[in-house]
Every structure is written in structure tokens, then in C-alpha cells.
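These are my notebook entries on a single chain. I set down what I looked up, in the order in which I looked.

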Amino acid sequence: MKKLILIPLLLFGACATTHDTTPAVQGVAALQDEGDMGGMSAEDMAAMMTFITPSEGHADLAKFAGDWTAKMSVWMAPGMDPMPMSMTSNARMIMGGRYLQEDVVGEFMGEAFEGMNIIGFNNGTEQVFSVWIDNMGTGISNASGFIDAEGVIRLVGQMQS
């Protein structure tokens with residue numbers, strides 16, 4: 001089991017993977033080969049292919065696939081003392097290498113905790129984004145950010161309660 005310290009959101013690490021072309025991309029490529037591009041110019045089609053094809057940003061996300069033990073601190077409000085939290089997670093690439101799905105279990109405030117995080121890389125904005133849900137709320141947390149030069153995912157967002 002890998003070990004990792006997380007501050008302030010979940011961060012993962014190591015295990016590279018390759019990205020296969022998915023049927024959706026193959027379907028677009030087939031249209032292109034047949035010359036029927038639905039009124040799109042060759043330039044528009046090339047831009048779309050670049051946008052929908054897993055990129056280096058997705059390869060960077062794939063490095064975070066694996067099993068993890070995480071320790072983090074949670075601040076319930078500004079100025080409050082941090083509350084420790086320990087968990088384990090399994091992270092894997094899904095949907096043809098486009099997203100990293102992390103399933104998390106642990107304990108928080110004496111209660112069983114489970115959560116799911118979907119992290120993606122948007123080729124258009126070149127940003128990382130995250131959608132988080134867990135069993136301690138009914139809202140969805142959204143965050144966005146980047147992968148820094150050291151390979152750390154840095155996200156900023158808000159939690160809905």
C-alpha cells in the first residue's frame with residue numbers, strides 16, 4: 001500500500017499507463033477517412049480530434065492511479081484547528097484514459113466515511129478539474145487547478161453542504 005500526505009485536497013501519485021484510442025475517437029476518425037465530416041472543415045476536424053484525444057495532461061493524471069493510504073487535515077471553518085483524517089483509496093483511469101476515478105474509504109469524526117472523486121484534464125483550458133461526492137453530505141464539490149512542476153495536483157474549489 002502506498003502512503004501519501006494530502007493537503008488540503010486528495011492528491012495521488014505513481015504508476016504510469018498508456019492511453020488507447022476509444023471507439024468514439026475511432027468513429028470520428030472513420031468519418032474523416034470517409035470524407036463525410038458533417039460540414040466541418042479539415043481544420044475544424046483536426047481541432048476536435050486534438051480536443052477529444054487523451055493528451056500529456058491525461059498521462060500525468062494516470063501517474064496517480066493505484067492504491068493509497070492518505071492522511072489529511074480538514075478545517076471546518078477559518079481559524080479553527082484542523083481535524084485529522086485517515087483513509088485508503090483506489091484510483092484508476094476510466095473512459096479511455098480521460099478521467100481518474102478515486103474511490104475512498106476511511107473514518108472521519110468517528111464515523112465511517114466513503115467518497116468518490118473524478119479528476120479530469122481539459123485539453124481546451126489545459127486545467128485539471130475535480131468533482132467530489134461523499135456520504136457525509138448531499139452536495140457536489142467542484143474544484144479546478146493544475147498539476148505543478150513537481151507533479152502535485154493543486155485544486156481550489158468550494159464544498160456545498
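**Entry 1: two methionines in loops.** I began with Met109, which is exposed, with a relative accessible area of 54%. By the cut-offs I used, buried is under 20% relative accessible area, exposed is over 50%, and partly exposed lies in between, with a 1.4 Å probe and protein chains only. Met109 sits in the loop between β4 and β5. Its phi is positive, about 55 degrees, although Met109 is not a glycine. I then turned to Met95, in the loop between β3 (83–94) and β4. Met95 also has a positive phi, of about 50 degrees, and is not a glycine. With a relative accessible area of 57%, Met95 is exposed. I noted both angles because most residues other than glycine have a negative phi.

**Entry 2: basis of the model.** I record that this is a predicted model, in which local features need pLDDT of at least 70 and side-chain atom pairs count only at pLDDT 80 or more, while totals for chains, interfaces and linings use all residues. Residues are numbered from 1 along each chain as its sequence is written, and side-chain values use heavy atoms, with hydrogens and water left out.

**Entry 3: the chain as a whole.** I found 3 helices and 8 strands, in the order β-α-α-α-β-β-β-β-β-β-β along the sequence. Helices (H or I, at least four residues) and strands (E, at least two) are DSSP runs, numbered from the N terminus. Of the 161 residues, 34% are buried. The accessible surface is about 9,700 Å², and carbon and sulfur atoms account for 58% of it; the area comes from the Shrake-Rupley method with a 1.4 Å probe. Among contacts (heavy atoms within 4.5 Å) with a separation of 6 or more, 44% join residues 24 or more positions apart.

**Entry 4: aromatic pairs.** How many aromatic pairs does a search of the whole structure find? The search gives 2. Rings of Phe, Tyr and Trp (its six-membered ring) pair if their centres lie within 6.5 Å; planes under 30 degrees apart count as stacked, over 60 as edge-to-face and the rest as tilted. Tyr99 and Phe129 are edge-to-face, because their planes stand at 70 degrees, with ring centres 6.3 Å apart. Tyr99 belongs to strand β4 (residues 99–108) and Phe129 to strand β6 (residues 127–134), so I logged a link between distant parts of the chain, 30 residues apart. Tyr99 is partly exposed, at 27% relative accessible area, and Phe129 is partly exposed with 27%.

Phe113 and Trp132 are stacked, because their planes lie at 15 degrees, with centres 6.2 Å apart. Phe113 is in strand β5 (residues 111–122) and Trp132 in strand β6, so this pair ties together parts 19 residues apart in sequence. Both Phe113 and Trp132 are buried.

**Entry 5: the second largest pocket.** I read its volume as about 170 Å³. Residues lining this pocket include Tyr99 and Phe129, along with Phe51, His58, Arg98 and Phe121. A lining residue has an atom within 4 Å of a point of the pocket, which is an open set on a 1 Å grid with protein on both sides within 12 Å along at least five of seven lines. The elements giving two or more residues to the lining are α2 (42–52) and β5, and β5 gives the most, with 3 residues. The lining divides into 6 nonpolar, 5 polar and 1 charged.

Technical notes:
On a 1 Å grid over the protein atoms alone, a cavity is a set of points where a 1.4 Å probe fits but cannot get out, and a pocket is an open set with protein on both sides within 12 Å along at least five of seven lines; lining residues have an atom within 4 Å of a point. Grid points are joined across faces, edges and corners, and a volume is the space filled by probe spheres set on the points. Ala, Val, Leu, Ile, Met, Phe, Trp, Tyr, Cys and Pro count as nonpolar, Asp, Glu, Lys and Arg as charged, and the others, Gly among them, as polar.
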